[in-house]
Structure formats: structure tokens, C-alpha cells
Amino acid sequence: MALGRGAALCLLVVMEMCAGGPPRRASCPYPPSQWCSSLQVALQCQVQKQCMELSATRQRRPPVAVALYYDSLCPGSRLFLTQQLFPTWTLLQDVMELTLVPYGNTQGLVPVLDLDLDLVLVLDLVLDLVLVLVPVLDLDLVLDLVLVLVLVLVLVLVLDLVLDLELQNATAPFSCQHGEAECQSNMMEACILHLAGPASLQIIHCMEAAAHLLQAARPCVELYAPALRWAAVEGCTAGGRGGQLMRTHAARTRLLKPPHVPWVTFNGELREEVQDRALGSLFHLVCDLYKGGKPPACTGALVRLDRSLC
């Protein structure tokens with residue numbers, strides 16, 4: 001039978017005391033489940049050695065993969081992201097892996113294959129193919145095959161170029177449930193996720209918590225990712241890269257087909273039976289789904305929060 005964190009720690013403390021080690025201070029006001037919650041608590045309760053031993057022996061398990069499909073201006077999405085997702089990630093980021101997909105109920109954007117092809121590399125591959133096939137097949141047949149490959153390549157490159165130009169020139173290539181502002185903010189958050197790296201969730205939380213999301217974007221970026229130039233975000237949003245990112249989110253969302261947003265998946269699985277739990281208490285659901293040693297934060301009481309949908 002596996003020992004819980006508190007039980008295992010108590011056992012270690014008892015063993016230490018029996019071996020002549022110092023007892024826990026009477027002034028320690030924390031229950032055993034919180035002794036290893038921070039270095040300060042461990043030092044106050046004189047169990048830092050036991051906490052280090054417990055941490056070293058605890059078996060690491062894969063994190064819980066959480067993906068949120070949402071619309072940036074959907075009231076339900078904003079409420080869930082600011083009041084549940086961000087606090088949960090703040091407390092449990094060591095045991096969860098987070099993906100954000102800002103697309104939601106957007107309409108009119110057709111997901112296409114994104115090809116940024118290196119023409120020289122492709123031509124080298126075609127040449128290598130010719131050198132391999134010439135000794136084996138008839139020369140005329142090889143030339144016909146090469147001609148077909150080149151024509152297909154040219155068509156793909158032209159199509160990709162036209163789509164990029166359309167996305168760069170179009171002001172609203174798709175429509176969103178909450179208006180053009182949501183289309184802009186969805187793309188901006190997609191660009192921030194692409195450019196800001198680990199700081200992206202803090203930036204997006206800052207934006208979603210503000211009264212005016214688009215106006216808050218630049219101050220939020222400058223606060224949480226000062227090394228990221230605002231011009232790079234604007235260039236991504238106004239240029240072809242933002243459209244490519246949105247096409248990727250479109251393909252991912254349409255493959256999942258969520259009936260509403262916000263919608264949460266766990267470990268890549270579409271599980272309708274856990275949506276109510278996820279929207280009511282994401283924090284405790286992540287605690288339950290994690291198969292390793294439970295973090296100290298997971299020992300609190302269950303609290304269900306309000307939710308709304310779009």
C-alpha cells in the first residue's frame with residue numbers, strides 16, 4: 001500500500017526522532033500535510049532533512065496535459081481563464097502541461113496545409129531522385145515523372161503565396177462570435193503564445209482580466225515579457241504569420257468539434273463526462289488526474305465555482 005505524503009513524512013519524522021534526531025518544534029503551527037509546502041515551513045518545523053529525503057524518493061509521473069479551447073472575448077472563457085485556469089496553473093504548474101487554443105466559435109477561416117518550402121532544398125531532392133531513377137527506368141518515363149513533380153511543386157508554392165498575401169491584405173478574413181475585436185484579440189493571443197514562450201500565460205491572463213483586452217495587450221507584454229518587442233507582436237498580428245497561426249488553431253479546433261467554449265481536454269482526450277468537473281473545479285480535477293505524489297496544494301477542501309458558456 002502506498003503511503004500518502006503526510007503519512008510518509010510522519011514516518012520519516014518518527015524514525016528520525018527514534019534515531020536521536022531533534023523533535024519537531026512545539027511552535028510549529030502547521031499540520032503534517034504542509035510541512036514540505038515551502039522551505040520556510042520546513043525550517044520552522046525542523047523537518048527540512050525529511051522533506052529533502054521525501055522529495056528525492058517520490059516517483060515522478062508525467063504531468064497532466066491540459067488544453068483549453070476558448071474565445072478571447074467570450075465572457076465564460078474569460079471567467080474560466082482568469083478565475084480557474086491561471087490560479088490552477090500557478091499552484092500546480094509542476095504537475096501540469098498547458099496548451100491554449102484561441103479560436104473557439106470563429107467561422108469562415110478554412111484550415112489549410114501550411115507550407116514554408118525551401119525551393120533549393122526541394123530541387124536538390126528532385127535532382128537526387130532523377131539520379132536514382134535514371135539507371136533503373138526509361139529516361140523518358142523519368143523525365144515525365146520529374147515534370148509532374150515540378151508542376152505540383154509550383155502549384156503548391158503559388159497557392160501558399162496567394163494565401164499568405166490574402167491574409168496579409170485582408171482586414172477580417174473570418175468572423176467571430178463577439179465581433180471583429182474578438183478576431184483581432186484571438187490572433188493577438190495566438191501571436192503572443194508563439195512569441196512570448198513561458199511568459200505567454202501571464203500576459204494572456206493580464207489581458208483577459210482587463211476591462212479592455214486589446215488596450216491592455218501592450219502594457220501586459222511590457223510587464224511580463226520586457227525582452228519581447230511590441231513591434232514583433234504587431235508584425236505577427238498584421239502579417240501572414242498571425243494568419244498561419246490561426247489556421248493551425250482552426251484545424252485543431254475543428255478536429256475536436258467542441259460543442260461550446262470554454263472546453264477543456266485532458267491528456268489529449270475528449271471526455272464530455274469531465275467537463276462539468278473541469279468547469280466547476282479545475283484545480284481539484286487536475287489534482288485527481290495526476291498519478292504521482294500529490295503536491296501540498298492538493299490537500300485543501302473542494303470549492304466549486306460559477307461558470308458560463310458561449
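Mentor: Gladly. A crossing is left-handed if the near helix is turned anticlockwise from the far one by less than a right angle, and right-handed if clockwise. The crossing of α7 and α10 is right-handed. This is a predicted model, in which local features need pLDDT of at least 70, side-chain atom pairs count only at pLDDT 80 or more, and totals for chains, interfaces and linings use all residues. Residues are numbered from 1 along each chain as its sequence is written, and side-chain values use heavy atoms, with hydrogens and water left out.

Trainee: At what angle do the axes of α7 and α10 cross?

Mentor: Two packed helices are described by the angle between their axes and the distance between the axes. Here α7 and α10 cross at roughly 125°, their axes coming within 9 Å. The two are therefore oblique to each other. Among the residues of α7 that meet α10 are Met-187, Cys-191 and Leu-195, with Trp-230 and Val-233 among their partners in α10 (contact means heavy atoms within 4.5 Å).

Trainee: Which residues of α9 are buried?

Mentor: An α-helix has 3.6 residues a turn, so residues three or four places apart point the same way. In α9, the buried ones are Leu-213, Ala-216, Ala-217, Cys-220 and Val-221 (under 20% relative accessible area, with a 1.4 Å probe and protein chains only). They cover an arc of only 140° around the axis, which puts them on the same side of α9. Their cover includes α4, α7, α8 and α10.

Trainee: How do α8 and α9 pack?

Mentor: Their axes lie 8 Å apart at an angle of about 145°, and the crossing of α8 and α9 is right-handed.

How values were computed
Buried < 20%, exposed > 50% of the residue type's maximum accessible area, 1.4 Å probe, protein only. Helix = DSSP H or I, 4+ residues; strand = E, 2+ residues; numbered from the N terminus. Arc of directions from axis to C-beta. Axes fitted to C-alpha atoms, helices over the stretch in contact; angles between N-to-C directions. Parallel < 35°, antiparallel > 145°, perpendicular 65-115°, else oblique.
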